Every structure is written in C-alpha cells, then in structure tokens.
Amino acid sequence: MPGESSTPVRLPAGHVETHTGQQQGRATPGRSVEAGLDALDTASVARPRRRPWHVLVHSVLPPVVFLAALVGVWQLVHAAGLKPSYALPSPTDVATTFWETVTDGRAAEAIWTSVSRGGVGFALSLVIGTLLGLAMWASTWLRAAIGPIVSGLQSLPSVAWVPAAIIWFQLTDAAIYTVVLLGAVPSIANGLLTGFKQVPPLFDRVGRVLGLGGLGRIRLVLLPAALPGYLGGLRQGWAFAWRSLMAAELITYSPSLGQGLGQLLNIGRELSQMSLVITSITLILLVGVAIELLVFAPLERGVLRRRGLTVDR
Amino acid sequence: MSTVTASTSSGAGGLRSVGAEAGPSVRVQGVCQSFDRMGPPVLDGVDLTVAPGEFLCLLGASGCGKSTLLNLLAGLAEPTAGTVDVAADRPSLMFQEPALLPWLTAGGNVELALKPRGMRRAQRREESARLLRLVNLEGQSGKRPHELSGGMRQRVALARALAQDSPVLLMDEPFAALDAITRDVLHEELVRVWSTQRLTVVFVTHNVREAVRLAQRVVLMSSRPGRIVREWAVELSQPRAIESPGVGALATEITTELHREISRHAR
Ligand SMILES: Nc1ncnc2c1ncn2[C@@H]1O[C@H](COP(=O)(O)OP(=O)(O)O)[C@@H](O)[C@H]1O
Ligand SMILES: [Mg+2]
C-alpha cells in the first residue's frame, strides 16, 4: 500500500471518523452507459431460424441415406445367397408383407392394441411412480428402506417378471400390466427423486426469503425446479414400459388378449414367416421412435430451452 | 455471565408501522454464532445498530462471518446467543448470485415475491412492471433469466427484493461476480433506488472501494472471531465516482486497517 495514509489508531468504541471530500472525481456512468451495456449484452441472444433446406440436409437426409445403404447391403447379401430365402427374405418380399399387413388392417389393429395398452400402463406407472417418488422424498426412512430395491429393479429386465405374472394372473391383461408397471414405476420414482435431489439449496432459501410458506415453496419452487429430472425419468419410464410390454406380449399369447405388436411378432415366429417377423420389428421400432419424437423429445426440449439448459446446434 | 436470549423480533413491537424515526431499523446486541461446539465461534459479541434510512456497508475479509451475520438479520438462522431485532416483518435479501428461478420470466420472478403479499394477478403484473421500470428494465419482463446479462439479472433480483416492500434491504456481495463497468452502473442504480425508496440498506462486501463508494457508514469486521472493530462515516456527497480522490483516500486508509487486521492471523 502507498504510505501516504495516516497511521490508523484503534479508537474507543463509538468513535466515528468523519471524511468530507470536496472533489467528486469523474462522473458516474449514467443511464446511457447502462442502456448500452444492456444492448451489447443481449444482442446475440436471438436464436437464428433454421432454413428449410438446412433442416433437410442436416436432419432428414442422413437417416434416409443410411437406411438406403442398409437396404442396399441387405439386397446384396440376399442376392449372394449366403442364407436360404426363408431365413433372409429379400427387401421386396418384406416390403410386400409390410404392405399387406398395413392394407389388411392387421398393422393398425396391432399398433392400436399395443399403444393403448402401453398408454394405460404408462399412465398407471406415472401415478404410482410419482406417488412413490414423493413418498420416498418425504420420508428418509422409506428412502433408506426401499431406495436400493427401487434402483435395483431399474436394472432388472422386467421380462423376468413374465413367468410370475402369468402364474398370478394367468393370460390376462392384468399380467401384461403387472410387467409394464414393474418396468416403468422404478424409473419414474427414481427420476422424480433425482429431480428433487438436484434442486439447488439456494432456491429454497429464495423461497424462504420471499416469505413463501412450506406448501408454497413446494408448489412454486421445489416441484418446478425438479421438473427436468422428473421428465428424464418419465422418458426412461416410457422406454421401459414399451420394452416390457413387447416382452410380455411376445410371451403371453392368447386369443382373449387381442393382437398386439408383440403377438404379431410371435405369429411370424410360429409360421416361420421371416418377412412378417421383420415387418413386426419395424412396426415396433417405428412406434417407439414416433412416440419419442412426438411426445418426449419436444416436452424435454421445451423445458430445457426455456431454462437455457440446452445448446441448440 | 448473564443469560442472553436468542430471539428475532418480527416487528411485533410495531417498529415498522409506528414511524421509522422511532427506533433503529436493525439492532444487534451481543450476538454470538458458532457452528460446532469445539471450534472458536464464528461471531463473538457483535453489536451493531443501523438507523432507518441508513446505508451501511459491512466490510471484512473472506470467511470473517459477514454472510453469517446477514443470515441472522434475514431470519434464516437463529444466533447461538444475543439478540437480533429488525424493524421489518421480513427483510429482503439479495444474494451474490441473482438466484432467479430459471423457469420463470423476469416478470414472473418479481411476481413471485408479490404472491405472499396477497396481491391479485392483475395487480401483481402491474406492480412487477413498475418495479422493473424502476431498475431500468422496462419491456424485459418476458425475458427468461438465461436471456439476460449478469448485470440485468442482478437488477431483476433487485426488483424482486424491492417487491417484498420491506423497509430493510440486506445485500450479500451482490455485485462481486460482475465486471467493473457493470458494477459501476449498478452502484449508481442502487444509490438512486435507496434514496428514492428510503430504504435501510445493509450491504456486505469485501471490496473497500465499493464500500466507500456506496455507504454512509462503513463497518469493519475482524476475522475469527468475527467482531466489529472499527467504523468510518463517509460524508462524501452522492453521486460519487468510485475512482474519485475522496473515495480513494478513505479506501486507502480503510485498506491499511483491513490489512493490519488480517496480518494478525499471519502467525
Ligand atoms: N452452516 C455452516 N456450518 C458450518 N460452518 C459455517 C457455516 N456457515 C459458515 N460457516 C463458517 O463460518 C465462517 C464465516 O462464514 P461466512 O459468514 O460465510 O463468511 P463471509 O461471508 O464473511 O465470507 C467460515 O469459516 C465458514 O466456514
Ligand atoms: Mg459471504
């Protein structure tokens, strides 16, 4: 420090030194500096709109090119005759079966049966998983007691429950829903719990400083803050529900159950009709991709973008 | 040793309503705070009085207990011993980070503070627009926190603090994370808001020049244990520039004292 200051003296309590300055020095920045800073700082925020051809080249073209290449290789392998035709039908055979399945209404029926089952199962899982997550968050005892089991269930393939479900409920919808629930509920409960755990403690302090009561803090601060983690859990929960449903449908074949995509796949296996097997797999894949793209991706992207948590590239 | 009670007045004596001139805005008496029984207390016998409408800067090295003291004033914690009286139902508090809720717009964040005041929706919207205008953020109400610069976010946080309509505003190093130019602008803005709204401000900082730039009175805290060791009245008129000679001279003097205070811990 420069030695120009006077030697400080410890003063008795209550003594206050007084400083009066004549010079004010340079002027303070003023309103226009502030407005300039604001403008400079926020100029680049607006997201450039993506042009249609840009979307075409970067989002639509790559998967189309890849699929075309895949079909080409498939055709080549088929033409080379490495496998007998019943094991590896040609792309045109499969296309024909696919078209038949779509036109005779079996595809629509199977999709409707599976998607409505998946929807009901997922809705049930949503309610149960959310309640379970809330209970686990509210009670540390419950969390300690069943937390490890819930996490463990998440990594247990739920197809393992199919035999048990059939013994309990025979070949009924209840058996299928049991398997779907056991697949989806743990993910949803864990997702909500993770969401809660990731809420910065600062947010709760903000709520307290602002004078929000306990319930108000939960409703207005905690729940919205936990939303991204919860959505992640829902998305994973749906993926597990769909997988479990297909596994259950594949194993529990019975006329009373209606014909879902999994059952369609099983018919293909029983008839040794490879083109129907591939058709069913393609339909299962398409439904999974469609629900991901139409429901979960926009939901998650919307939430993250509103909070500035994604980098749009 | 006499027993001291730890209590936080919630304005039961009507300090706030019965004319601000009646008593001090903040009165801290013999406050001690320790977090573990083994170690030395973080705060040890802190006495502090802040007059209504006063702008006080609380200065001290990092870790000396400034935030701890401010949390006590905000009612977020109870002192181990001593009394804390604040003449406000709930003083407003600004953190070092803007602490805006990222899923709400700027206006939504301000309105959140109006909710506990029992305002209707339309009233809240109007009041939040007024407060954002007060911090020169007119028309930014629909922006989300991540779309605003650091300085603008802190101004939204200031508007939200003002939305509590508390006569006492506590600030915990609110501008520490900002660049110098933005900080200059916010100093000016804070002083303007303080004088127009007739607030009592307790402003925590470890930046000596910032303290002298803003305060009517600068209070220096010691570290381990935290105590008030010295204070200076700053009678430079506002607006002051942070690089003015008057501010510089006093800042130099206070810095020397601060260094002396810190050097005591060297051995
Ligand atoms: N909740 C807490 N538990 C334990 N120790 C704490 C807690 N809060 C603060 N401290 C300790 O008290 C001291 C003062 O902290 P703080 O008030 O944050 O200092 P400052 O704000 O002046 O930098 C530090 O040594 C810190 O480690
Ligand atoms: Mg601090």
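**Ligand shell, pockets and cavities of the predicted model**

The shell of residues around ligand 1 comprises four nonpolar, five polar and one charged residue, where Ala, Val, Leu, Ile, Met, Phe, Trp, Tyr, Cys and Pro count as nonpolar, Asp, Glu, Lys and Arg as charged, and the others, Gly among them, as polar. The structure is a predicted model, in which local features need pLDDT of at least 70, side-chain atom pairs count only at pLDDT 80 or more, and totals for chains, interfaces and linings use all residues. Residues are numbered from 1 along each chain as its sequence is written, chains are lettered from A and ligands numbered from 1 in the order in which they are written, and side-chain values use heavy atoms, with hydrogens and water left out.

The residues around ligand 1, each with a heavy atom within 4 Å of the ligand, are Phe35(B), Val42(B), Ala61(B), Ser62(B), Gly63(B), Cys64(B), Gly65(B), Lys66(B), Ser67(B) and Thr68(B). Polar contacts, defined as pairs of N or O atoms within 3.5 Å (within protein, one must be able to donate a hydrogen and the other to accept it, and residues adjacent in sequence count only if both atoms are side-chain atoms), include one between a polar backbone atom of Lys66(B) and an oxygen atom of ligand 1, at 2.8 Å. For Ser67(B), an N or O atom of the side chain is 2.6 Å from an oxygen atom of the ligand, and for Thr68(B) a polar side-chain atom lies 2.5 Å from an oxygen atom of ligand 1. Of the 560 Å² of accessible area that ligand 1 has on its own, the protein covers 55%, as computed by the Shrake-Rupley method with a 1.4 Å probe (for residues, only the protein chains shown count as cover).

Grid points are joined across faces, edges and corners, and a volume is the space filled by probe spheres set on the points. The largest pocket has a volume of about 520 Å³, and among its 14 lining residues those closest to the centre are Leu67(A), Leu70(A), Val71(A), Trp74(A) and Thr282(A). Two or more lining residues come from each of α2 (52-80), α3 (91-103) and α11 (274-306) of chain A, where helices (H or I, at least four residues) and strands (E, at least two) are DSSP runs numbered from the N terminus. The most is given by α11(A), with six residues, and the lining as a whole divides into 13 nonpolar, one polar and no charged residues.

Two cavities of 30 Å³ or more were counted. The largest cavity, with about 50 Å³ of space, is lined by residues of both chains, including Glu34(A), Asp38(A), Asp41(A), Met152(B), Arg155(B) and Leu186(B). At least two lining residues are supplied by each of α1 (31-42) of chain A and α4 (150-163) and α5 (180-197) of chain B, and the largest share, four residues, comes from α1(A). This lining has four nonpolar, three polar and four charged residues. The second largest cavity has a volume of about 40 Å³ and is lined by Val206(A), Val209(A), Leu210(A), Leu93(B), Phe95(B), Ala157(B), Arg160(B), Ala161(B) and Gln164(B). Its lining takes the largest share, three residues, from α4(B) and divides into seven nonpolar, one polar and one charged.

Backbone features were also found in loops of chain B. A cis peptide bond, with omega about 0°, joins Arg224(B) and Pro225(B), and Pro225(B) is found in the loop between β9 (217-221) and β10 (228-234). The peptide bond from Gln238(B) to Pro239(B) is likewise cis, with omega near 0°, and Pro239(B) is found in the loop between β10 and α7 (245-263). Ala99(B), although not a glycine, has a positive phi of about 55°, and Ala99(B) is found in the loop between β6 (92-94) and α2 (106-114) of chain B.

Terms used. 1 Å grid on protein atoms, 1.4 Å probe; cavity = no way out; pocket = protein on both sides within 12 Å on 5 of 7 lines; lining within 4 Å.
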